[in-house]
There are 2 protein chains.
Amino acid sequence: MERPKTMPGVNCFECLPRERNEWSVLTGEELKLLAQAKKCRKYHAGESIFAIGEPSHGVYCIVSGGAAIRKIDEVGNSVLLHLVYPGETLGYRGVLLDEERRFGAEALGPSKICFIDRHTVRILLGRNPALGQQFLRRVVTDVDDAHDKLVRNATLSNRTKFVHLLLALMNRHGRTATDGSRVMELPLSRRDLASMIGARHETLSRIIGRLEEDGVARFSGRTVCVRHPHSLIDEIRPTLLS
Amino acid sequence: MERPKTMPGVNCFECLPRERNEWSVLTGEELKLLAQAKKCRKYHAGESIFAIGEPSHGVYCIVSGGAAIRKIDEVGNSVLLHLVYPGETLGYRGVLLDEERRFGAEALGPSKICFIDRHTVRILLGRNPALGQQFLRRVVTDVDDAHDKLVRNATLSNRTKFVHLLLALMNRHGRTATDGSRVMELPLSRRDLASMIGARHETLSRIIGRLEEDGVARFSGRTVCVRHPHSLIDEIRPTLLS
DNA sequence: CGCCAGGTTGATTTCGCTCAAGCAATGTGG
DNA sequence: CCACATTGCTTGAGCGAAATCAACCTGGCG
């Protein structure tokens, strides 16, 4: 063991994702506080980060990997709301409003995620007003995204919504092959993909079938290949008349 | 004219809605700044407050009346996203992110609405950190609402979504008649109501017809009457099995 | 008066959901 | 190692909900 007990956690001072998120405005002193208060651990794919109904002990910051926000309604329907990626902070809602969790979160794949207890969050927010401003910006973009999604849900077909989702996933998880086609490994099951566009999994299955028929994309297990990336973009371009 | 030029605007010091919103944390000095910077004016029903694409000059605070947030997509579909009521602050997105308006806002009925330019907002935010915290809470609840709406849209039928909407409107606009039934004047056209649940106006028309058949509510023009208020609540209660 | 926006209603088609069966991959206990 | 559940996915048939296209009211309003 060349590296001692700091091993599992990333040192906040050297945390790359941190330099691009809310916490980037912390000063040296505050960073020290953060570094010694945060607890970092690894999650395996699908492991629960927090669950609906439990008290909000703090926020989480994704170092690597990702997370999914899930809501399960009173009849057992599971809906994936949102995906969260490295550098993003998770679970601020319950902490800022001091309420219990209304959504669950789970690791998207093997992930490294830091936990910052709510007491420390409050101290830092009180000590450095810029942190609050950063959070404000962050939350405003979140509400913005949610509103965009609401508009899309209200106007688009399931197929179009799914293509939007594919594009978003491709941005995060895709790589460009030598022949210019885009390939990715889906981080989610078909069921969860379906829930994200508000459709049944059978319906998604058929949509995928049609996308393959139309030569837009090829699906094999969790691997997706899009030969002509802008065929996807054409799909979502609204057919403007006149 | 017994009252001089302060006439159109409400004095912030005596503004009742203000005492229950973000601005309630301002101190006397800051309030004075706000009071002399804000511009208050009346809007008539349907009048535009700000439009998509224009620069975000400031935020608006509803004194009386209400406002609707509207998005019009590239093919001309109009979607109503959200309604805003007295005490609530409007248009913070563009100001906080320093972007142009991505949604339009219009008066719901005859309304009195104050404008606070973004420069003043920034000054106040910088001077009083508590204001930022207040905004943070406010925006977090907004994102929360949006997420709830997303989940409902993903799982509920148009009829159920409409009943949810009716209940929300009834809370704001309804009065209880002597016989215990609830009555309200709808603040929106059928088209806009339909857009709020992501349906066509013809579909909404039929849903309304069925609600009347089922004796849940009676519609006449923009007047709605619900004889047994909990018949609505029964509608949205999920049928829990076993 | 004609015109128009807002609303209803009808006929038809499309889309998506439900229910159901089948299948491959994976796991588990004997 | 096999029999057997289990899980995730696909496919089919039937049905219901909603979109679409269209006609037709109604109440303003120039």
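In the predicted model, 39 residues of chain B are in contact with 39 residues of chain A. The size of an interface is often given as the accessible area lost when the parts come together. For chain B and chain A, the buried area is about 3,600 Å², and carbon and sulfur atoms account for 73% of it. Leu97(B), Leu136(B) and Leu150(B) together supply 16% of the area that chain B buries against chain A, more than any other three residues.

On the side of chain B that touches chain A, two or more residues are given by each of strand E5 (78-84), helix H2 (92-97) and helix H4 (129-155) of chain B. The largest share of that side, 21 residues, is contributed by H4(B). By class, the side of chain B that touches chain A comprises 19 nonpolar, ten polar and ten charged residues.

Side chains of opposite charge can pair when their charged atoms come close. Six salt bridges are found between chain B and chain A. A salt bridge links Arg102(B) to Asp144(A), with a separation of 2.7 Å between the closest N and O atoms. Over all chains, the structure holds 32 salt bridges. Within chain A, Arg122(A) is paired with Asp98(A) in a salt bridge whose closest N and O atoms are 3.9 Å apart. Arg122(A) belongs to helix H3 (residues 118-127) of chain A, whereas Asp98(A) is located in the loop between helix H2 (92-97) and strand E7 (104-107) of chain A, so the pair ties together parts that are 24 residues apart in sequence.

The open space of the model was examined next. Rolling a probe the size of a water molecule over the atoms shows where empty space is left. The second largest pocket contains about 470 Å³ of space. Its lining consists of 20 residues, of which Thr155(A), Leu156(A), His164(A), Asp73(B) and Glu74(B) are the closest to the pocket centre. At least two lining residues of the second largest pocket are supplied by each of helix H4 (129-155), helix H5 (158-173) and helix H8 (229-236) of chain A, and by strand E4 (67-72) of chain B. H4(A) provides the largest share of this lining, with four residues. The residues lining the second largest pocket are divided into seven nonpolar, five polar and eight charged.

Key:
Residues are numbered from 1 along each chain as its sequence is written. Chains are lettered from A and ligands numbered from 1 in the order in which they are written. This is a predicted model: local features need pLDDT of at least 70, side-chain atom pairs count only at pLDDT 80 or more; totals for chains, interfaces and linings use all residues. Side-chain values use heavy atoms; hydrogens and water are left out. On a 1 Å grid over the protein atoms alone, a cavity is a set of points where a 1.4 Å probe fits but cannot get out, and a pocket is an open set with protein on both sides within 12 Å along at least five of seven lines; lining residues have an atom within 4 Å of a point. Grid points are joined across faces, edges and corners, and a volume is the space filled by probe spheres set on the points. Ala, Val, Leu, Ile, Met, Phe, Trp, Tyr, Cys and Pro count as nonpolar, Asp, Glu, Lys and Arg as charged, and the others, Gly among them, as polar. Contact means heavy atoms within 4.5 Å. Buried area is the accessible area (1.4 Å probe) that two parts lose on being put together, summed over both. A salt bridge is a side-chain nitrogen of Lys or Arg within 4 Å of a carboxyl oxygen of Asp or Glu.
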